[in-house]
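Here's a quick briefing to read alongside the model. Have the sequence and the 3D view open and follow along topic by topic.

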Amino acid sequence: MYKICDLLDLSKTIAAPLFEGKEYPWEVLSDISDFIIRLGSTLPEEEYEKRGENVWIAKDAMVFPSAYIGGPCIIDHGAEIRHCAFIRGSAVVGKGCVVGNSVELKNAVLFDKVQTPHYNYVGDSILGYKAHMGAGSITSNVKSDKTLVVVKCGEEQIETGRKKFGAVLGDGVEVGCNSVLNPGTVLGRGASVYPTSCVRGVIPENGIYKDKDNIVIRK
């Protein structure tokens, strides 16, 4: 339930080569920055404009004047980077994505058609095709005791070896407003999270997270 093949359609991202040869999606987090620099230098100049150091933006993307985009970063075709968005760097923003007002991205891959429209923090995370984060929902990427993040699925525990790892949202995931995805959260394809939830662990494909003791599978 938590492998790349279980969660993500790699045909829906310019960053597909980043995932090659890896089993778990969090394994790419250490390589995002270098990957962007390598890929950016190969992007066709007639389609992408290089702005500043290691920032490539598709010419048909919409970037509002007050948005901040730090490198390395790639903004793909048709994306919309709205007022006061803060992209700190090491971010891939896919085709048709929305990065909205006061949204902060850092070391993240947003697959095509992802929506983070209002007051979201996405750090050290992977958001699959058409994933949507409701207003105020965030990925928490560091444990309070600063120990390494472990992905927990029932009795199984998978060591990630990472101090910073937020969440992986499979394709089509819906996260309700003002929810917190704790470090190491994995949401399966088509999963939904009720508003104001505090989520941790692995939520199965098409799971509906109402609270930690009430997770049902969508029929």
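Is Ser 192 buried or exposed, and what is its relative accessible area? Ser 192 has a relative accessible area of 15%, and because the cut-off for buried is under 20%, it counts as buried. Keep in mind that this is a predicted model. The rest is sorted by topic below.

**Around Ser 192**

- You'll find Ser 192 in strand S21, which covers residues 192–193.
- Its side chain has a polar contact with the side chain of Arg 218, at 2.5 Å.
- Arg 218 also turns up among the residues that Ser 192 touches, along with Glu 174, Gly 207, Ile 208 and Tyr 209; this leaves out anything up to four places away in sequence.

**Around His 83**

- His 83 sits in the loop between S6 and strand S7 (86–87).
- With a relative accessible area of 39%, His 83 is partly exposed, since that class lies between the 20% and 50% cut-offs.
- Its side chain reaches the side chain of Ser 66 in a polar contact of 2.9 Å.
- Setting aside neighbours within four places in sequence, the contacts of His 83 are Phe 64, Pro 65, Ser 66, Gly 100, Asn 101 and Ser 102.
- Trp 56 is another story: 27 residues from His 83 in sequence, and 19 Å away in space, C-alpha to C-alpha.

**Aromatic rings**

- A pair of aromatic rings is described by the distance of the centres and the angle of the planes.
- There are 5 aromatic pairs in the model. One of them is Phe 19 with Phe 111, an edge-to-face pair with 5.7 Å between centres and 65 degrees between planes.
- That pair ties together distant parts of the chain, 92 residues apart: Phe 19 comes from the loop between helix H1 (4–7) and helix H2 (32–40), and Phe 111 from the loop between strand S10 (104–110) and strand S11 (115–118).
- Both Phe 19 and Phe 111 are buried.
- Elsewhere, one aromatic cluster is made up of Tyr 2, Tyr 24, Trp 26 and Phe 165.
- There's a charge over a ring too: Lys 12 lies over the face of Tyr 129, 4.9 Å from the ring centre.

**Strand pairing**

- Strand S6 (residues 80–81) and strand S9 (residues 98–101) run parallel and are joined by 2 bridges.
- Within that pairing, Ile 81 has Val 99 of S9 as its bridge partner.
- S9 also runs parallel to S11, with 3 bridges between them. Here Val 99 stands opposite Thr 116 of S11.
- For an antiparallel example, look at strand S15 (residues 150–153) and strand S16 (residues 156–159), which pair over 4 bridges. Lys 152 stands opposite Gln 157 of S16.
- S15 and S16 make a hairpin with 2 residues between the strands, and Gly 154 in that hairpin has a positive phi near 65 degrees.

**Cysteines**

- A disulfide is a covalent bond between the sulfur atoms of two cysteines. How many disulfides does the model have? The count is 0.
- Cys 73 is in no disulfide, and its nearest cysteine sulfur, on Cys 97, is 11 Å away. Cys 73 is at 0% relative accessibility and therefore counts as buried.
- Cys 84 is in no disulfide either; the nearest cysteine sulfur belongs to Cys 73, at 17 Å. Cys 84 is at 43% relative accessibility, so it counts as partly exposed.

- Most residues other than glycine have a negative phi, and most peptide bonds are trans. Here are some exceptions to look up.
- The peptide bond joining Gly 71 and Pro 72 is cis, with omega about -5 degrees. Pro 72 lies in the loop between strand S4 (68–69) and strand S5 (73–75).
- Ser 90 isn't a glycine, yet its phi is positive, near 55 degrees. You'll see Ser 90 in the loop between S7 and strand S8 (91–93), and at a relative accessible area of 13% it is buried.
- Lys 113 is another non-glycine with a positive phi, about 65 degrees. Lys 113 belongs to the loop between S10 and S11 and is partly exposed, with a relative accessible area of 44%.

Notes. Residues numbered from 1 in each chain as written. Predicted model: local features only at pLDDT ≥ 70, side-chain atom pairs only at ≥ 80, totals over all residues. Heavy atoms only, no water. Phe/Tyr/Trp six-rings, centres within 6.5 Å; stacked < 30°, edge-to-face > 60°. Buried < 20%, exposed > 50% of the residue type's maximum accessible area, 1.4 Å probe, protein only. Lys NZ or Arg CZ within 6 Å of the ring centre and 35° of its normal. Pairing = 2+ DSSP bridges. Polar contact = N/O pair within 3.5 Å; in protein donor to acceptor, adjacent residues only side chain to side chain. Contact = heavy atoms within 4.5 Å. Disulfide = S-S within 2.5 Å.
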